[in-house]
Amino acid sequence: MGKTTPSDRDLGLNAAITRRDFMNGVLLGTGVLAAGTGALAAGGGRADSPAHYPPAETGLRGSHTGSFEVAHAVARDGKQFTSAAPLLDDVYALIVVGAGLSGLSAAYFFAQQRPGARVLLIDNHDDFGGHAKRNEFSVGGRALIGYGGSQSIDGPAHYSDVAKALLRSLGVDTNAFYEAFDAQLYARFGMRPGIAFSGDAFTRDTVVATDIYQIGDGLPSTVIESLPLSPSGRADLTRLTQTDLMGGAKQADRLARLKSVSYLDYLQQAKIGAEVATLLKRSPNTFWGLDFDALSALEGHRLGAPGFTGLAPIADGYPDDEPYIFHFPDGNAGIARLLVRKLIPDAAPGETMTDVVTAPFDYAALDRAASNIRIRLSSTVTRVLPGRQVEVVYANSGTLGRVRGKQCILACYPRMIPHVLPELPESQRRAMAEAVRTPLVYTNVVLRNWKAFAAAGTDRLYCPTGTYPGMMLDFPVSLGSYHCPRSEEEPIVVHLATAPVPGDGSHPKDQFKAGRHYLLSASSIDMERDVRLQLNAVMGRYGFDAARDILALTINRWPHGYAREFNELFDRWAPHDAPWIAARQPFGNIAMAASDTQGRAYVDAAIDAAHRAVGDLMGA
């Protein structure tokens, strides 16, 4: 682990030490499971485990310590944990591996088809929801809620009938967000999107209240003059926004070229200098999990980047007929909570989408023997044994357990499945290997107030050279008894996001692997230092002091983040030949879910995958 230094104390790192997770990983190797001291209780959890409330944990979360070590021992080191696993529980009608949105939805759809059936969900994390992660903070007796992963219900009007029906059955009324989401809150303080420039790459350190995504629409010369660019950089940006770089080429020829070259190469071929390229390169990072070195120039056009004067309008694939406001205070963890409450009513009181926001959840109720549906957390599946009854072996707190089910749904990371189910056909195993997920970090920082952001005139920032290219005040949403901060004097959650990819033009799969390696090797102190340094660098001139103003911090680390999607610059398959089509084929009484099997990292994809997987089993 990293160590603090005198300069770290100036950043306030010494004050945060008690919040961080200093565990140096669970012991691994030949004796990994012998290290456990507690026996599995009848419900599958540790009999001596103290009660805890995962959303309130701070420090290093997401793929937290203890959630991945056993899986790595299986997948990387070939360890086998099956021989000493005792058989627990009676036979389940269904075992679901993965309690994320897709796994929870699968349990819901199955229970609809088989009322009263016994269902067990098993998940390696200490919380349900998968990437739909909830972060809670208490500041002076006031609760602040943030999202640590899956963010919003994106474009619900375009969801499938199945996904729409599920949301309705949970009581989700998307129309309620038009009132709950105060879209003009920050504008009333004179705040707007901005860009944080660093003097290391540009002419000076400053924040300019200009939206990076509006540059493609053509900037007035007065705005270009306000940017901290050299004269040649301003000339490049002017040419990029006002000149036809393709010299009157026909539309078909333009499209063919734009699909075949990265946007970054497109800029270089047009003799756009490094200064402007640096400004634009990382703008898609928090949306795609990639920079413009690994996205086509045509995707640059779709995302609003500049340089396409002369290109006729095209269908951009991103419907904008709905505002981006469909957001619970905890992101899509709100949907996960609604699903859990529907599946296990004893877990939380209430019945509406508004009361679930602040409803107390009883984690002890998730895995009770008397319940038809149970959720077993902190349990990593090490083997799935196919047969007339599927046997699932898992590790929980250093001890093995084994359960049986008549049917099974694998709603987990596809690349892990061949390691626990090696009986799969080789072609399906190869298809699953294509599902290299995007590495992500979603960090939530509680600030004493947001006066520095107000002084800077910005509520969200693109930081082209920062560790985190995305930095924003939390979504201004109030739902039920939960109210967002409405005064700059109030404490607030600042959300920082990054996909830590090298940006070297290599294949996305290779960049994702490199990012994963970084996230698994970086210490919590180093990661927190990056947060504090960036906030000081960007907001220090507006009165911000990390040591004084940061009250709490949670780093949601996702080495295996969102599902990989089709990338036209690298992928050549037709829609019917996409690898996720082969990966999701059922294997006897075992079906495949998770958004990866739809090739889209969205809520509706997770739901649709679950519905299809249940259908596969019902038709078996």
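Author: What follows goes from the core to the aromatic pairs, and then to the strands. One caution comes at the start: this is a predicted model.

Start with the core. The largest nonpolar core has 79 residues. Phe-328 and Ile-409 have the most contacts inside it. Helix α21, residues 603–618, gives the most to this core, with eight residues.

Now take Ile-409. Leaving aside residues up to four places away in sequence, Ile-409 touches Leu-94, Ile-95, Val-96, Val-97 and Ala-106, among others. Its list of contacts also includes Ala-591, Ala-593, Ala-613, Val-614 and Leu-617.

Ser-105 sits in helix α3, residues 101–113. Its relative accessible area is 1%, so Ser-105 is buried. Again leaving aside residues up to four places away in sequence, Ser-105 touches Leu-166, Leu-339, Ile-607 and Ala-610.

Next, the rings. How many aromatic pairs does a search of the whole structure find? The count is 22. Phe-177 and Phe-328 make one of them. The pair is edge-to-face, with 5.4 Å centre to centre and 80° between the planes. Phe-177 belongs to helix α5, residues 177–180, while Phe-328 belongs to the loop between α12 (297–302) and α13 (333–343), so the pair ties together parts that are 151 residues apart in sequence. Phe-177 and Phe-328 are both buried.

Tyr-442 is in strand β12 (residues 438–447) and Tyr-562 in strand β16 (residues 550–562), so the pair ties together parts that are 120 residues apart in sequence. Why does Tyr-442 count as buried? Its relative accessibility is 7%, and buried means under 20%. Ring pairs also link Tyr-442 and Tyr-562 into a cluster with Tyr-147, Phe-181, Tyr-324 and Phe-475.

The charged end of Arg-118 sits over the ring of Tyr-92, 4.2 Å from its centre. The charged end of Arg-337 sits over the ring of Phe-361, 4.3 Å from its centre.

Strand β10 covers residues 390–396, and seven of its seven residues are buried, so the rest of the structure largely encloses it. Val-390, Val-392, Tyr-394 and Asn-396 point one way from β10. Glu-391, Val-393 and Ala-395 point the other way. Both sets are buried.

Strand β9 (residues 379–385) pairs with β10 in the antiparallel sense, over six bridges. Thr-380 has Ala-395 as its bridge partner in β10. The hairpin of β10 and β11 has two residues between the strands, and Ser-397 takes a positive phi near 55°.

Strand β4 is another covered stretch. β4 spans residues 134–139, and five of its six residues are buried. β4 pairs with strand β5 (residues 142–147) in the antiparallel sense over six bridges. Asn-135 stands opposite Gly-146 in β5. The two strands form a hairpin with two residues between them, and Gly-140 in the turn has a positive phi of about 60°.

Eight strands form it, in the order β1-β16-β12-β15-β14-β13-β6-β7, with mixed pairing. β1 (59–62) and β7 (206–208) stand at the edges with a single partner strand each, so one side of each is left without a neighbour in the sheet. The twist averages 25° from one strand to the next.

Within the sheet, strand β6 (residues 192–197) and strand β13 (residues 458–462) run parallel, joined by four bridges. Ile-195 stands opposite Tyr-462 in β13. Helix α10 (residues 274–281) lies across β6 and β13, at about 120° to β13. Helix α17 (residues 508–521) lies across β12 and β16, at about 45° to β12.

Methods
Residues numbered from 1 in each chain as written. Predicted model: local features only at pLDDT ≥ 70, side-chain atom pairs only at ≥ 80, totals over all residues. Heavy atoms only, no water. Core = buried A, V, L, I, M, F, W, Y, C linked by side-chain atoms within 4.5 Å. Buried < 20%, exposed > 50% of the residue type's maximum accessible area, 1.4 Å probe, protein only. Contact = heavy atoms within 4.5 Å. Phe/Tyr/Trp six-rings, centres within 6.5 Å; stacked < 30°, edge-to-face > 60°. Lys NZ or Arg CZ within 6 Å of the ring centre and 35° of its normal. Pairing = 2+ DSSP bridges. Axes fitted to C-alpha atoms, helices over the stretch in contact; angles between N-to-C directions.
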